[in-house]
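Q: Hi! Could you walk me through this structure, starting with the terms I'll need?

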Amino acid sequence: MSSELQALYQELILDHSRHPQGFGLAPDATASSHQVNPTCGDEVTLQLHVEPGSDIVTRVTWEGHGCAISQASASLFTEMAGSLTLDDLSSRIELFRTAMRSRGAIEPDEEILGDAAALGGVSKYIARVKCAMLAWVAAEHAIAQVRVDAR
Amino acid sequence: MTDTAATTQANAFSDAELAAIRADFPILSTVVNDSPLIYLDSGATSQKPVQVLDAERSFYEHDNAAVHRGAHMLAALATETFEDARATVARFVGAHDDEIVWTSNATEGINLVAYAISNASLGRGGDAARALAIGPGDEIVVTEMEHHANLLPWQELAARTGATLRFIPILDDGSLDPQSIDAVIGERTRVLAFTHVSNVLGIVNPVADLVARAKAVGALTVLDACQSAPHLALDLAALDVDFAVFSGHKMLGPTGIGVLYGRSRLLNALPPFLTGGSMITTVTMQSAEYLPAPQRFEAGTQRISQAVGLAAAIRYLEGVGLQRIADHESKLGEKLVAGLSSIAGVRVLGQQAGAHRVGLASFDVAGVHSHDVGQFLDDRGIAVRVGHHCAQPLHRRLGVTSSTRASAYLYSTEAEIDLLLAGVADATTFFGVRS
């Protein structure tokens, strides 16, 4: 097996895909977004729970189906997002996207992204970047919705 | 050994013959991820032999001009070459030259028929077209296993005309429910559109039964021959369908060229779909009169070099022999299905004992997404298709959202199937199959 494939499917990623964190929708979410990857039919519905009167994300819940990368990515996002502010979360999503789109040139910053940095191997597989981004794009839409609602 | 088996055996490609075929396809010597390319995605698009590449190049080097216009030498030469290509296609499928319409691909062919019927339903095409008009109370019938290309044009036609779209369901083994064939196709059915060979299941449908039922109720038949024309000897006259479509790029030809076959009487009764240059007799500022088929459906500059390339592809296929190709693929298909079925956690979609199949099979690996299976195989240079293969309703019916598809062609080998099977088995171990 090539080292690229090993990097893509690290044990951490396979673990998250088999035992996803935050899986299962909750009735009391502040905002949610449903995203589909039309090329493969992968789906994620992601919910943000924001502390009332603040901009702090208390937790993330989600549901979906798809490949190991999309499912692990949603799980890793969930793990990272708790107790962050919306601004902080937005900037991390942008950081993650930059790394994903770099075709392997930029290693995701583990200090900032935590275990989600393990998804760095995806960026060498252009066709799979959308899989990794699915939950993060859903989160971006949910953040935008929270901000609109707060106005 | 039975006579049939003996014939098949004698008919099989020798190792030398298969090696000679493979040598005609330059791309097959590609190295992917340090492994030789194993191309098992011919159902999506086939690879091209040098004979096809040379034919297109030669056309541009020696014969290129616009066809059916202009009086110069090259224009005459190009027109003759272009029409020779049409005759080659006609002979290949047992049709007359004027029953062959060039399209961009099969998708455009089906849309052409649907929109021509739509135009007839709006009163275009005069008396001849009136019998082909449809409206509220009429029914269009498809099957549950259709590629989206043979479903969406009919959904849209039904929506535009007020007709009702119905479908023949499949059984768990992937076959069309024989009882439903009689129940769904009825007196109100005006169009029956169905695939000859499913692009997911690889199984040949009972064309004769479907056509007989459609004829009994006076419905038009539209055959999607995308997965049959490249792989079996196709005789449209014998199949007795009214329309048929297929794509050049799936049968060793270039992209951008497809074929619509239609009975001459029907093509000449239908109003045009695309209008413009080269399809008229007389044009005034108010109206136009159209040429007979096939020209009335070929507005604008045609895909000339692609038609020439497709004709070269057909000559290549005929040179090898369609029956020998079918036998080769049938052997590979059976090996594929038997091998996949014996891997724990792998389920082949649509398994019918004794079914006539082409060299194509789609499968689900329990708990492992098709994208991950495909990625794992790609690491070994094995190219397969993953996803829903443009057949979401069929996948939904079979209880999966996606599958992995391996599809062989005349240049595929048993050794390649063995490597695929080993790769799938290793993928189940790597990802840890859930049951």
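A: A residue is buried if 20 or more other C-beta atoms, placed from the backbone, lie within 10 Å of its own, exposed if 12 or fewer, and partly exposed in between. This is a predicted model, where local features need pLDDT of at least 70, side-chain atom pairs count only at pLDDT 80 or more, and totals for chains, interfaces and linings use all residues. Residues are numbered from 1 along each chain as its sequence is written, and chains are lettered from A and ligands numbered from 1 in the order in which they are written.

Q: Is Gly321(B) buried, exposed or partly exposed, and why?
A: Gly321(B) is partly exposed because 15 other C-beta atoms lie within 10 Å.

Q: And where is Gly321(B) found?
A: In the loop between helix H12 (304-320) and helix H13 (322-341) of chain B. Helices here are DSSP runs of H or I with at least four residues, strands are runs of E with at least two, and both are numbered from the N terminus.

Q: What domains does chain B have?
A: Domain 1 (3-48 + 321-431) and domain 2 (53-318), with bounds from an automatic or database domain assignment. Their C-alpha centres lie 28 Å apart.

Q: Which element gives the largest share of the side of domain 1 of chain B that touches domain 2 of chain B?
A: H13(B), with six residues.

Q: Switching to chain A, what is its secondary structure?
A: Chain A has six helices and three strands, in the order α-α-β-β-β-α-α-α-α from the N terminus.

Q: How much of chain A counts as buried?
A: 44% of its 151 residues.
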